[in-house]
Amino acid sequence: MTDAFIKISNEEGLRALYSGIWPAVLRQATYGTIKFGTYYTLKKYASQRGLLIDSETGTERVWGNILCAAAAGTISSAIANPTDVLKVRMQVHGKGSENKGLFQCFNEIYRYEGVRGLWRGVGPTSQRAVVIAAVELPVYDFCKLQLMNTFGDHVANHFISSFIASLGSAIASTPIDVIRTRLMNQKHLTVQNSVATTTTQKLYTGSFDCAVQTVRNEGLLALYKGFIPTWVRMGPWNIIFFITYEQLKKL
């Protein structure tokens with residue numbers, strides 16, 4: 001990660017580290033909003049019908065939280081998939097989207113690959129979202145509840161709970177993230193001088209094929225390539241989000 005950071009900064013400038021920032025912001029504005037809104041709405045719905053709270057212990061059922069989180073992750077990721085494709089394409093150089101803005105990249109994908117191009121990789125994206133949501137949200141709620149007697153409903157509790165949740169989601173989601181990124185970045189067409197030609201690039205036929213080829217050619221640990229930067233990204237994001245979210249709930 002450090003070597004990549006230094007090389008990108010030296011060869012392409014600091015701005016290259018923020019390639020794809022606008023589709024990333026757009027993705028969080030849609031995916032994040034829908035995911036958390038859907039999750040807590042489903043929990044409220046399940047609680048009102050006696051499906052979430054265990055009548056004997058008075059605590060929330062773990063499986064109930066997991067199901068609500070998985071459903072929220074699936075719905076939100078499927079809707080926001082085009083923003084994910086744009087982000088990946090803008091971050092990878094030499095693939096026809098280099099130095100192009102958000103709308104230019106969107107127009108290129110739509111023009112040469114159609115609507116399906118914007119939903120490329122939606123399968124592994126949804127799988128990743130299910131795993132992340134099913135781990136991150138229930139773990140956060142569980143840790144927050146367990147730490148309530150020690151820290152109360154304060155920032156320290158939210159900080160520790162979100163940090164633990166981010167670690168769990170990074171461990172669970174990195175293999176799917178590797179597969180998703182490789183599927184999203186492949187093209188059926190190569191664009192040169194505004195002319196689309198069929199690419200000779202070998203394409204994965206799907207998520208399973210991508211996983212098999214990755215392990216076969218690069219080893220099992222290849223599925224955890226980028227784990228550290230993934231956790232470094234997810235950790236601060238979760239901490240900032242949950243602390244902000246909890247404080248806004250009190251207003």
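Where does H7 bend, and which proline follows within four residues? Here are some friendly notes on this predicted model.

1. **The bend in H7.** Helix H7 bends by about 50 degrees at Ser 173. The proline that follows within four residues is Pro 175.

2. **The span of H7.** This helix covers residues 155-185. With its 31 residues, a straight helix would reach 45 Å at 1.5 Å a residue, but the end C-alpha atoms of H7 are only 39 Å apart.

3. **How H7 and H8 pack.** Helix H8 takes in residues 207-218, and its axis lies 10 Å from that of H7, at an angle of about 110 degrees. Angles of 65 to 115 degrees count as roughly perpendicular, so H7 and H8 are roughly perpendicular to each other.

4. **Who meets whom.** From H7, the residues in this contact are Ile 179, Arg 182 and Leu 183; they meet Ser 207, Cys 210, Ala 211, Thr 214 and Glu 218 in H8. Sorted by class, the contact has 4 nonpolar, 2 polar and 2 charged residues.

5. **Phe 208, for a look at the surface.** Phe 208 also belongs to helix H8. Its relative accessibility is 70%, and exposed means over 50%, so Phe 208 counts as exposed. Between Phe 208 and Ile 179, the C-alpha to C-alpha distance is 8.7 Å, with 29 residues separating them in sequence.

6. **Asn 238, for a look inside.** You will find Asn 238 in helix H9, which spans residues 227-249. Asn 238 counts as buried because its relative accessibility is 1%, and the cut-off for buried is under 20%. Leaving aside residues up to four places away in sequence, Asn 238 touches Glu 136, Ser 162 and Ser 166.

Note on methods: Residues are numbered from 1 along each chain as its sequence is written. This is a predicted model: local features need pLDDT of at least 70, side-chain atom pairs count only at pLDDT 80 or more; totals for chains, interfaces and linings use all residues. Side-chain values use heavy atoms; hydrogens and water are left out. Axes are lines fitted to C-alpha atoms, for helices over the stretch in contact, and angles run from 0 to 180 degrees between N-to-C directions. Helices (H or I, at least four residues) and strands (E, at least two) are DSSP runs, numbered from the N terminus. Angles under 35 degrees count as roughly parallel, over 145 as roughly antiparallel, 65 to 115 as roughly perpendicular and the rest as oblique. Contact means heavy atoms within 4.5 Å. Ala, Val, Leu, Ile, Met, Phe, Trp, Tyr, Cys and Pro count as nonpolar, Asp, Glu, Lys and Arg as charged, and the others, Gly among them, as polar. Buried means under 20% relative accessible area, exposed over 50%, partly exposed in between (1.4 Å probe, protein chains only). The expected span of a helix is 1.5 Å times one less than its number of residues. The bend at a residue is the angle between axes fitted to the seven residues ending there and the seven starting there.
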